[in-house]
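Subject: Structure handover

Hello,

Here is the structure I said I would pass on. Please look it over first; my notes follow below.

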Amino acid sequence: MDRTKADAVRSTCPYCGVGCGVLLRATGDGGLDVQGDPDHPANFGRLCSKGLALGETVGVEDRLLDPMVHGGVADWDDALQLVADRFSRTIADHGPGSVALYVSGQMLTEDYYVANKLAKGFMGTANIDTNSRLCMASTVAGHKRAFGSDTVPGTYEDLELADLIVLTGSNLAWCHPVLYQRILAARSRRPEMKIVVIDPRRTASCDGADLHLALEPGSDVALFNHLLAQIDRQGAMDRAFLAAHVDGVAEAVAAAHASDVSITGLSEADLARFVALWIGSEKVVTVFSQGVNQSTSGADKVNAILNCHLATGRIGKPGCGPFSVTGQPNAMGGREVGGLANMLACHLDLENPDHRQAVRQFWDAPQMPETAGLKAVDMFRAVGRGEIKALWIIHTNPAVSMPDSTAIAAAISGCDFTVVSDITGQTDTARLADVLLPATAWAEKDGTVTNSDRTISRQRGLLPAPGRARPDWAILAEVGRRMGWTTAFDYDNPAQIFREHAALSGIAGGFGRDFDISGMADISDADYATCKPFRWPYAARKGGRFFAEGGFFTANGKARMLPLQPRGLAAPATVDLPYRLNTGRTRDQWHTMTRSGKSVRLAAHLAEPFLEIHPGDAQRIGVDPAGLVRVHNQHGSAILRALITDRVRPGQCFAPIHWTKQTAPSGVIDCLVPGAVDPVSGQPESKAAAVMIDRFPARWYGFAVSRSGIDPDCDYWARTPTAKGWRCELAGLETPDNWEDAARRLFGQTQGSMQTLEDKQGGSFRAVLFGDRGLEAALFVSAKPVAVMRDYLAGLPDSAITGRTPVDQVDPGPTICACFGVGLNTILSAIDSRQLQSVEAIGAALQAGTNCGSCRPELAGLLASSQNREAAE
Ligand SMILES: Nc1nc2c(c(=O)[nH]1)N[C@H]1C(S)=C(S)[C@@H](COP(=O)(O)OP(=O)(O)OC[C@H]3O[C@@H](n4cnc5c(=O)[nH]c(N)nc54)[C@H](O)[C@@H]3O)O[C@H]1N2
Ligand SMILES: Nc1nc2c(c(=O)[nH]1)N[C@H]1C(S)=C(S)[C@@H](COP(=O)(O)OP(=O)(O)OC[C@H]3O[C@@H](n4cnc5c(=O)[nH]c(N)nc54)[C@H](O)[C@@H]3O)O[C@H]1N2
Ligand code: SF4
Ligand SMILES: [Mo]
């Protein structure tokens, strides 16, 4: 079908902070056709694998359709009245400190604004914090310490204009793929451009890099202190800029000279190369993300980076500057509305009496807390102690994503009254709630989001709300009205909320704050409906950047360089817990998978929770490739598939964050992460738990496919959707007495003809179940990790009992290119047989990598490894 732009709805991808524009069309059968918006300034038409698969995630089969109270369907009136009454009564009986809201950087600005206003201005509690505490809090704190405000100085164009890009604790290739593709495209136009990656682990982002510094976990402050000392030693300081615009220079430089770089574990040669590249390139952008933020010295890491950019005056100029890439689609919007417990609104400070007074007056608020509320980790501790008696969780899944998640889940389930607003009732958090409120999802609602470079874009709804789902802002406003604040929450539509937010930002502008979009305060409903993406500051400023000529948001207008001493990691590695557990993301899944997990294409990239572990450690532990390991410490235990690779260094390991009790109950990784936080930002150290790893002594391993459900009950399982139904990996410590019965239980099928094949001595068992539609389900069990053609079997072929593909078919292996469904084995065999030498050649031969480009770094990695193999042979 020929699709033109004209009939499409312009919206924004609801995943990462790149904030790509999308063109959406309802397909008429509940589905959605999704294309990149060629006119959007973030992506100019490009989308990554996740954006392209959005259409596969809008099905309503698992959606929460009605409000639920204590497990039973309720009508909105009763549910909302209950929420309002319980919050009002709890505040009356125990004070405003006894209630809390835990919200999300994925909420729209309008939702977020109402939540913050309700908590801080009307409930009178600053106990509203967000999952951004796990994400951006260290950057917010670092920016404020250096600039006096939480300002990202640069824009996306800077990444294309730079001579050197330093990716620090950022796996941009997988986590901000379109931005990474923009960098690679710029480099192909200007091959002199260099990329350095600073990451303890070799990631997909390293495949295109000129230098990879695999520093010791947590040692970034020492590395950037070393850089600052060298900048000073080599006379690279911008003296004029410093004299005019920066305080604290001498102290910061002295601390940098006193700092010991050896703790980074990097070689002299690598350090010298890095310093030479950094000092020698006039235009440097240092991109940073969770390897920096999620650390007990996260704010210091941010300031160590900012110090180097301030020292050289490389800030706010084209192609120059520190650049925090935000994770969630509206992490920036959340910062603008003041969604964190220690912020107010529009970058104003809660603890500043003038700011407080101005906002209180603007809102006509009955009360306003005077001190910061509880930050996420402390908030859930207070819930656990029973001090917070009413808790409302919106648009986030803390029972999976918070550190020490087992304790978090226990705290939530023990709380007197918990409300969860979500689009599905199936999350690990939603299952613990007293009241569940059904929210409309991104393609069903309207509002705005702000991406990493301060561009505000509209999200627009075009699909009907399923069941009785309502937008988050509407739910929040109705609770506000029912708590007695009828005028303050008298909103009919998101445009009205946006206008109020824009007007409030004018007051912030009056205090000299950076965030001022008051030019939008009178936007009409019609203009809001058609509003194009725009970047703040709204008042035209050269190139949309900050600070090239100073003008920092501190009292004297000067930036501050900070003296920094490197600190160690919070959890010491000990004889009992000798391994360092790093955690993060995979290319094709989004957090706890409630949306991306529905796409069959995305599920095919990495279908199981895994642990990257060094070959030497694997040998010591005694685990073979594809075996299982048990990772454990004093907080919890996880069972994961061993992925033996030298991408991680000896003594370190890496696991993804995406699996939950619903998808792989033994793979919830945050149960191992301690709740240690940065003293400045309150952000937890999510990337450096101390753990022990043992071989998981499974007695049997299994692989199952099924057209309908698979309902496992064993020590290890991981379940993913397929085009035909489900597939599932299984393993257990105890062998069932009767495999046939076990297979029937697994598939929930008491009827139907079953063929089995059992070798009791060898410990293998096979069962295929037939129904009306032919093959219904199949189970393969073996004493060793099951070796069958998984992707072939997922298609439920009638010949499944053999477990092998017919001779004329090759098993494609795990999907690498999600767009064209090209598997690892197909690519490797084409590289070998057709002598392919470049990513372009692979594209020409197999189409892989020629659409969204998200897999190009992996294709480059496969080429490099096969070239290394040849060189070794
Ligand atoms: N595919 C995908 N993309 C996403 C998301 C997703 O869930 N899936 N989530 C989005 C969100 S909310 C966020 S916040 C971003 C996160 O984006 P990123 O921060 O790029 O992703 P992570 O994988 O969490 O971590 C980045 C890297 O930090 C490294 N690291 C660990 N410890 C250290 C250290 O001490 N120093 C340094 N320098 N590096 C270290 C890790 O090895 C890891 O490769 O991604 C966004 N984009
Ligand atoms: N160990 C470790 N832990 C981490 C991290 C890490 O790197 N390592 N990263 C941290 C970071 S950076 C982040 S951002 C967090 C992310 O962690 P979470 O925020 O907990 O993860 P999500 O899966 O994005 O949760 C979003 C929830 O909102 C629901 N939802 C979707 N759309 C809507 C809607 O329109 N309205 C409402 N009300 N609900 C909706 C989804 O179904 C889902 O349950 O994880 C953090 N945890
Ligand atoms: S890079 Fe991918 S996930 Fe991020 S906004 Fe763009 S399409 Fe969405
Ligand atoms: Mo995040």
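The second largest pocket has a lining of 27 residues, and Asp-62, Lys-598, Gln-662, Thr-663 and Trp-726 are the ones nearest its centre. A pocket here is an open set of points on a 1 Å grid over the protein atoms alone, where a 1.4 Å probe fits, with protein on both sides within 12 Å along at least five of seven lines; lining residues have an atom within 4 Å of a point. Its volume is about 580 Å³, taken as the space filled by probe spheres set on the points, which are joined across faces, edges and corners. Strand 28 (residues 716-721) contributes the most to this lining, with three residues. By type, the lining has five nonpolar, 15 polar and seven charged residues (nonpolar: Ala, Val, Leu, Ile, Met, Phe, Trp, Tyr, Cys and Pro; charged: Asp, Glu, Lys and Arg; polar: the others, Gly among them).

Please note that this is a predicted model, in which local features need pLDDT of at least 70 and side-chain atom pairs pLDDT 80 or more, while totals for chains, interfaces and linings use all residues. Residues are numbered from 1 along each chain as its sequence is written, chains are lettered from A and ligands numbered from 1 in the order in which they are written, and side-chain values use heavy atoms, without hydrogens and water.

Around ligand 3 there is a shell of residues that includes Cys-13, Cys-16, Cys-20 and Cys-48 (a residue is near if one of its heavy atoms lies within 4 Å). Helix 1 (49-52) and helix 7 (177-189) each give two or more residues to this shell; helices are DSSP runs of H or I with at least four residues, and strands are runs of E with at least two, numbered from the N terminus. The shell divides into nine nonpolar, two polar and one charged residue.

Helix 2 (residues 76-94) packs against helix 19 (residues 472-482) at about 65°, with the axes 9 Å apart. Axes are lines fitted to C-alpha atoms over the stretch in contact, and angles run from 0 to 180 degrees between N-to-C directions. Among the residues that meet are Trp-76 and Leu-80 in helix 2 and Ile-475 and Arg-482 in helix 19 (contact: heavy atoms within 4.5 Å).

Lastly, the backbone. Trp-536 and Pro-537 are joined by a cis peptide bond, with omega about 5°. Phe-547 is not a glycine, yet has a positive phi of about 80°. Pro-537 lies in the loop between strand 19 (534-535) and strand 20 (559-560), and Phe-547 is also found in the loop between strand 19 and strand 20.

Regards
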